[in-house]
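Subject: Structure for you to look at

Hello,

Here is the structure I said I would pass on. Please open it first and then read the notes under it.

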Amino acid sequence: MTTRKPVFIEKIMPVKLLNEQVYYEHGGNPFKGLHRWYSRKPLSFSRASVLGSLLPEGVTIEEFEYLLGLNRRVAGMQDKTTKLYKTPPSPDRIKKVQELCEQQWGTKTPVVLDAFAGGGSIPFEAARYGLKVLASDLNPVAVVTMKAAIEYPLKFGPDLQQDIDKWVKWVGDEAEKRLAEFFPSLPGEKVQNYLWAHTVVCPNCESTVPLSPNWWLYKRPEKQNLNKWCAVRPIPNPEQKRVDFELVKGKKGKGNTIVCENGEEYNPDDFSTIGRGVGKCLCCENVIESSYIDEKLLNKDYIHEMYAIAYQVNSGGLKFRLPEKLDFEAFSAAVLKLDGYANSLLIPSEGFPEGEDTRCYNRGVRSWDQMFNSRQLLTLVVYVEILNDVKAKLQIEYEPEKVEAIITYLALVFDRCVDRNCRLSIWHTARASVERASTQHTLNLTWNYPEISGSAELWKSSADAFASDYESLCLLFGTKPGSSGIPGIEAFEPKSIQIDSASADSLIHIPDQSVFAIVTDPPYYATIQYAELSDFFYVWQKRTLGDIFPDLFWSDLTDKDREAVANPSRFRNMGMSPEELANQDYEAKMALAFAEYHRVLRDDGVMTVQFNHKDSGAWDVLAKSLIDAGFEITASWSVSTENPQNLHQAQKNSVSSTVLLVCRKRDPNSGQAWWDDLRPQVAHLVEQRAPEFEANDIDGIDLYLSAFGPALNVFSRHSPILDTSGNEVRPEQAFSEARKAVANYRFRKLAQTDTLGFDPLTTWYILAWDAFRAREFPFDEARQLALAVGGFNVSDLAKTHKLLDSTSGICKLLTPDQRFKKRAFSTNPEDFTLTSLIDGLHALIAIYLEEQSIDPVRRFLKTTGLLSNDLFMRAWEVTLRVIPHIGDERKRMPEEKALADLWLAMDEIKAKVRYEQPELDLGDVQQSLF
Ligand SMILES: C[S@@+](CC[C@H](N)C(=O)[O-])C[C@H]1O[C@@H](n2cnc3c(N)ncnc32)[C@H](O)[C@@H]1O
């Protein structure tokens with residue numbers, strides 16, 4: 001077996017730092033904004049995964065932070081201001097990283113591979129340090145996105161922005177010329193948007209009903225512009241069997257009403273014609289069943305009705321009016337013009353598959369061109385024509401590689417136009433602007449949708465949003481105008497970044513054992529149907545970029561057969577549960593991909609797999625498939641992707657974490673082992689590593705998740721692992737052993753003794769607060785913790801003991817008051833029985849909160865004998881230690897507040913319960929002083 005040198009990530013990771021850094025990335029950035037991709041991973045997290053997998057274990061955590069991009073600690077204090085995702089590593093950091101790589105791997109620029117690269121967060125970060133990068137994805141849209149985000153900025157540097165701008169403008173000018181007649185404006189105005197509603201004919205009175213959940217045009221919720229609210233009011237016209245409209249403007253009234261100039265109040269929500277799929281005819285008040293509406297849509301028995309227009313006067317703000325004759329005529333002209341393209345290859349007439357998300361299909365969409373109304377489609381088709389004209393011009397002026405880059409960015413602007421100008425786009429009433437269709441992980445038609453003027457506004461505004469993104473991307477690499485590549489690297493070799501379209505189960509372009517580190521973020525079961533979603537862009541990229549990248553765009557639609565996701569729609573009508581078959585298919589594909597990773601990885605190489613932690617079952621399946629592919633797992637870390645604000649308020653802990661599993665090739669001679677031999681080793685190693693994790697700020701649920709690393713480390717060194725009957729043991733047994741070990745360790749630490757003798761329920765309650773620091777957390781976690789504590793039935797937590805409520809996989813710890821109302825215990829000292837210590841604590845909290853006085857609490861403690869119960873006092877002490885103390889008085893947890901208040905007020909408790917009052921939160925106090 002090759003000797004392998006341990007790497008940093010096998011020893012430790014700055015989990016807390018990453019939790020904070022990941023949070024900074026919740027907003028947008030030019031890397032993410034360049035093109036829509038689904039489930040992008042944060043850059044800071046990807047950067048740490050790459051560096052952690054390459055750097056030697058001897059690097060200190062402070063040095064690691066520095067190499068990531070933070071300023072050096074001052075007097076032990078960590079830099080809290082640098083935002084890693086927008087901070088390119090400085091030349092000295094890059095140099096240092098490369099030197100350390102040479103020490104570890106014998107080369108300054110080891111090869112890093114991600115074959116599920118998506119939008120490219122991992123390769124992007126590897127490229128920022130000048131490493132050799134192999135990035136691939138099955139999906140052509142992802143490949144194009146990566147080329148634009150990584151390859152071209154490094155190849156051409158910021159100067160290319162000027163060329164992009166020049167041709168962006170050229171396309172815009174052409175669009176204006178070629179499409180002006182279809183988007184007229186009245187004198188003095190410049191039309192920007194048209195608002196449309198799908199319609200249905202009322203089955204009762206046969207009126208045409210425009211469908212919209214409300215009739216708002218502009219409703220700014222903040223203080224600004226409250227006098228400029230605007231909407232249309234539908235006016236039933238039963239004689240003509242239609243609805244007319246009038247414009248309503250005014251200032252904000254009560255609630256959601258507009259007060260018009262004549263004092264009349266109007267609420268545009270009151271005239272909704274569709275809600276939850278059920279319609280309402282305003283002419284006859286008839287309720288229109290959703291099945292009827294669906295059938296009409298399915299049979300294309302509907303029209304699009306234009307009901308408002310947004311326009312600009314000079315450079316003033318947006319105004320609204322009703323559509324006029326010239327607007328309708330222009331639309332009719334566009335429909336006629338589009339007829340001329342009937343059989344043109346420019347129209348994306350590829351079939352729309354039924355797929356996993358059937359919503360569009362069930363509403364009659366059968367080909368991709370049907371995602372647009374006729375004029376939206378005409379606009380896009382004319383843009384494609386213009387882009388093809390641009391190609392011819394570019395070829396005269398530039399070398400082929402630059403042509404490829406410029407046209408790719410133009411195609412990305414075009415995709416933004418598609419995204420903002422379709423039947424799926426959304427009118428954002430607070431901003432009076434258009435929201436992209438792809439903001440969601442679904443494709444869904446909107447009842448009322450905006451169209452953007454295709455002559456002047458659509459291209460221009462899509463390009464404006466994009467305008468400086470290219471240059472900003474170069475800045476993320478630290479590349480200055482007049483240069484290219486990474487600053488500080490003498491001879492940057494653009495060929496060191498290779499971006500391919502390939503299936504992860506067949507990386508034929510990569511030789512055996514040639515990769516030093518694999519850092520990868522595979523798809524996860526059915527969470528996202530990448531291929532289905534991205535067809536929305538693929539069918540257009542085929543038309544804008546098909547000739548530039550013939551290898552990417554040869555097929556009708558993206559490849560669903562090789563895609564490693566669980567897609568039940570591929571397994572319908574096969575006589576077995578489609579979900580089950582899809583899961584099996586996904587697991588088989590992942591097994592093949594991991595086997596391929598095993599082939600290309602050097603014997604001493606590292607593989608770090610990122611995945612979203614949802615439930616403990618996920619860990620088990622992933623760990624098992626890694627072990628089966630010949631890997632052993634040497635460490636695991638988890639980074640929370642939850643908004644820390646929620647955690648701070650102690651309301652929720654959704655444990656929405658991304659986990660890193662660090663793997664190595666297992667010694668092929670390791671053979672099988674017995675679980676009975678390994679089990680004590682798991683517990684021992686976990687307890688041994690726990691203080692080390694804590695010393696590095698890993699606590700709460702992160703401590704449990706991090707402990708899975710050492711557990712898997714012991715478990716995965718051999719395969720198979722057998723129990724005494726010779727049956728194979730699954731990794732989940734190692735996880736439960738690890739959980740038990742952490743629970744024991746934490747409890748001992750909290751109680752500051754080995755032999756406390758708390759009952760299991762109280763132990764569970766204390767450990768739950770200690771782990772989640774929040775009232776709300778996933779039920780599966782509660783269950784796992786209960787199994788680790790043992791001694792009671794998990795289902796009794798809710799049913800019998802009424803300690804929690806659980807719905808849709810989330811559980812909530814009930815307050816003492818809620819438990820009392822559910823009769824979990826009695827507050828009458830005569831009737832009270834101490835079945836568990838937590839009931840005693842909750843009973844006195846409930847009494848105190850109800851009576852707002854300490855006398856009844858005193859009586860209760862005396863009569864029940866709890867005052868002289870030492871164990872009870874220890875429970876008081878530990879509970880106070882684990883329930884989060886919130887500085888803001890109004891938001892304090894009632895349990896913590898009551899126990900602390902009583903402790904302060906009652907000397908007899910003070911004498912028995914050790915407690916240090918947390919410091920006052922001066923923030924709030926100071927605010928009231930100034
Ligand atoms: C979780 S995403 C990666 C996201 C990426 N880390 C990012 O930050 O953008 C998983 C990716 O795997 C890709 N994929 C699915 N099946 C694949 C296969 N068989 N081969 C290669 N890539 C595949 C999907 O297209 C998707 O982009």
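How many bridges join strand E8 to E9, and in which sense do the two strands run? Two bridges join them, and the strands run antiparallel, with E8 covering residues 258-259. Please keep in mind that this is a predicted model.

Sheets

One of the positions in that pairing is Ile258, which stands opposite Tyr266 in E9. Strands E8 and E9 belong to an open sheet of five strands, in the order E5-E6-E7-E8-E9, with antiparallel pairing. Strand E5 (216-218) and strand E9 (265-266) have a single partner strand each, so they stand at the edges, with one side of each left without a neighbour in the sheet.

There is also an open sheet of three strands, ordered E10-E11-E12, again with antiparallel pairing. Its edge strands are E10 (274-275) and E12 (287-288), each of which pairs on one side only. Strand E11 (residues 278-280) is joined to E12 by two bridges, and Gly279 has Ile288 in E12 as its bridge partner.

A buried strand

Strand E22 (residues 657-665) is largely enclosed by the rest of the structure, because nine of its nine residues are buried. Both faces are covered: Ser657, Val659, Leu661, Cys663 and Lys665 are buried on one side, and Thr658, Leu660, Val662 and Arg664 on the other. E22 pairs with strand E21 (residues 631-640) in the antiparallel sense over nine bridges.

Domains and core

The chain is divided into domain 1 (187-323) and domain 2 (814-930). Their C-alpha centres lie 55 Å apart. The largest nonpolar core has 280 residues, and within it Leu410 and Ala711 touch the most other members. At least three residues of this core come from each of domain 1 and domain 2. Leaving aside residues up to four places away in sequence, Ala711 touches Val682, Val686, Ala734, Phe735, Glu737 and Ala738.

Ligand

Which residues are the closest to the ligand? They are Phe116, Gly118, Gly119, Ser121 and Asp521, out of 25 residues that surround the ligand. The shell around the ligand divides into eleven nonpolar, seven polar and seven charged residues.

Regards

Key: Residues numbered from 1 in each chain as written. Predicted model: local features only at pLDDT ≥ 70, side-chain atom pairs only at ≥ 80, totals over all residues. Pairing = 2+ DSSP bridges. Helix = DSSP H or I, 4+ residues; strand = E, 2+ residues; numbered from the N terminus. Domains from an automatic or database assignment. Near = placed C-beta within 6 Å. Nonpolar A, V, L, I, M, F, W, Y, C, P; charged D, E, K, R; others polar. Core = buried A, V, L, I, M, F, W, Y, C linked by C-beta atoms within 7 Å. Buried ≥ 20, exposed ≤ 12 C-beta atoms within 10 Å, placed from the backbone. Contact = placed C-beta atoms within 7 Å.
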